[in-house]
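Let's take a walk through a protein together, one piece at a time. Have a look at the picture first, and then we'll talk about how its parts meet.

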Amino acid sequence: MKVNFTETVLRDANQSLIATRMPISVFEPILETMDKAGYYSVECWGGATFDSCLRYLNEDPWERLRRIKAKMPNTKLQMLLRGQNLLGYKHYPDDVVRKFVQHSISNGIDIVRIFDALNDIRNIEVAVDETLKCGAHASAAISYTTSPVHTLDKFAQLCKDMQSMGVQSICIKDMAGVMSPKEAYDLVSAIKDKVDLPLVLHTHCTTGLAFMTYLKGIEAGADVIDTATSVFSGGTSQPATETLYYALDQLGYETDLKHDVLKQVNDFFKPYFAECLESGLLDPTVMGTATEALDYKIPGGMLSNLISQLKAQNAIDRLPEVLEETPRVRKDMGYPPLVTPLSQMVGVQAATNVLLGERYKSIGKEIKAYVKGEYGRAPGEIDDDLKKKILGSEKAIECRPADLLKPEFEKTKAMLGSKADNDEDVLSYIAFPQVAEKFFADREKRRENIVRYSIEPIE
Ligand code: CO
């Protein structure tokens, strides 16, 4: 029996523990070593990394990807893509989705893990199709959650539908770290019964279940697990790579990992971890075990967002009420999984309901769009009163949301003109217009400085 490992330190661990603020200058020196570790893949791009590069790190995300690829030619590079939402928080037209996937792959991505927050399969079909057309590996992920409408049968059927789309692997993505060992065993078994594809398990240590969950999932036939180098593991991050390697190796599972390389990788990240603690970038509370998530089903990232949101409004004492309101809002919305962007939408609405002292007195425009069907199909029934309040006499849309969108890429490219160096810039702009615009302007300034500096010495 063999178990493969996907290392997440560059993406999910980075995102979950330090708000995706790790610049490439920190991790570039270890990439050549990581390339020798024997990982099945390294998750290094997508998710929040793209936004964070442009918004906070003054880094071109495409350049980051090319630099990682140059240092890791032997390892499969993996990205996380939010289906039709790409790396943003709304639906993009098909031409943009196809271009984005094409350029992700041509700049270095080998495996595109594609999911939809609502598990509406129509929202991943274009990204999957383009990934396959580009000759890359499409991995379809199901957003794991528990609710009265999320049954084993439904999940297994969803995976079967994904297999019919031609994906090469399936991932169970438990962004909240709420999947228990038993649930993992039952779900992996149910999926393996129906689908003959490699199965990846993805969870977080938030509630303390993760190591047990992986072990039971592996016993049921899971093929790949997502782990983070030990110093960046635990808490809201993934379980530790070395720990699982140690335990699974003893149990007789084969892995491709090189123990000495894993140690080098971990030693490398230790001083940076200490630095993050010292600077306050890493809040030590995210390293703990928070079992509240088992009651409230709130992902680690969402919990810390709620806390900082309430602190900013001087209302941290209302947290217990907000934590109770959150599952109620979720139920009203037909039990969407609490993954980006739905986790933010549900959290903000729950906080608003509590702070205003009246439920749905004010409704966020994203929630309105969701109820109108603009995100796709809700997993369960949306509460009638909420529907009436938002829709009035209007009807919700039933088609695939992106069917209503007009092509955008060529138009944007023409509009940007010389502001964009290439198609990648156009995609950065479409994904995050204001942020990209500022990034382009700053880049232009840096270029002028370089030119001035290079002229000065000729006196
Ligand atoms: Co995750």
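Predicted model: local features only at pLDDT ≥ 70, side-chain atom pairs only at ≥ 80, totals over all residues.

Residues are numbered from 1 along each chain as its sequence is written, and side-chain values use heavy atoms, with hydrogens and water left out.

The protein splits into domain 1 (4-279), domain 2 (290-403) and domain 3 (409-455), with bounds that come from an automatic or database domain assignment. Let's look at how domain 1 meets domain 3. Here 18 residues of domain 1 are in contact with 15 residues of domain 3, contact meaning heavy atoms within 4.5 Å. About 1,600 Å² is buried between domain 1 and domain 3, and carbon and sulfur atoms give 66% of that. Buried area is the accessible area (1.4 Å probe) that two parts lose on being put together, summed over both. On the domain 1 side, Leu54, Asn58 and Lys99 lose the most area to domain 3, together 33% of what that side buries.

What about charges across this meeting place? The count of salt bridges between domain 1 and domain 3 is zero. A salt bridge here is a side-chain nitrogen of Lys or Arg within 4 Å of a carboxyl oxygen of Asp or Glu.

Elsewhere that rule does find pairs: the count comes to 34 salt bridges. Arginine 55 and aspartate 51 make one of them, at 2.9 Å from N to O. These two sit four residues apart in helix H4, so about one helical turn separates them. (Helices, H or I, at least four residues, are DSSP runs numbered from the N terminus.) Aspartate 51 is buried at 10% relative accessible area, whereas arginine 55 is partly exposed at 41%. Buried means under 20%, exposed over 50%, and partly exposed in between (1.4 Å probe, protein chains only).

Glutamate 130 and arginine 98 also form a salt bridge, at 2.7 Å from N to O. This pair links distant parts of the chain, with glutamate 130 in helix H7 (residues 125-133) and arginine 98 in helix H6, 32 residues apart.

Finally, find helix H20 (residues 423-431): nine of its nine residues are buried, so the rest of the structure largely encloses H20.
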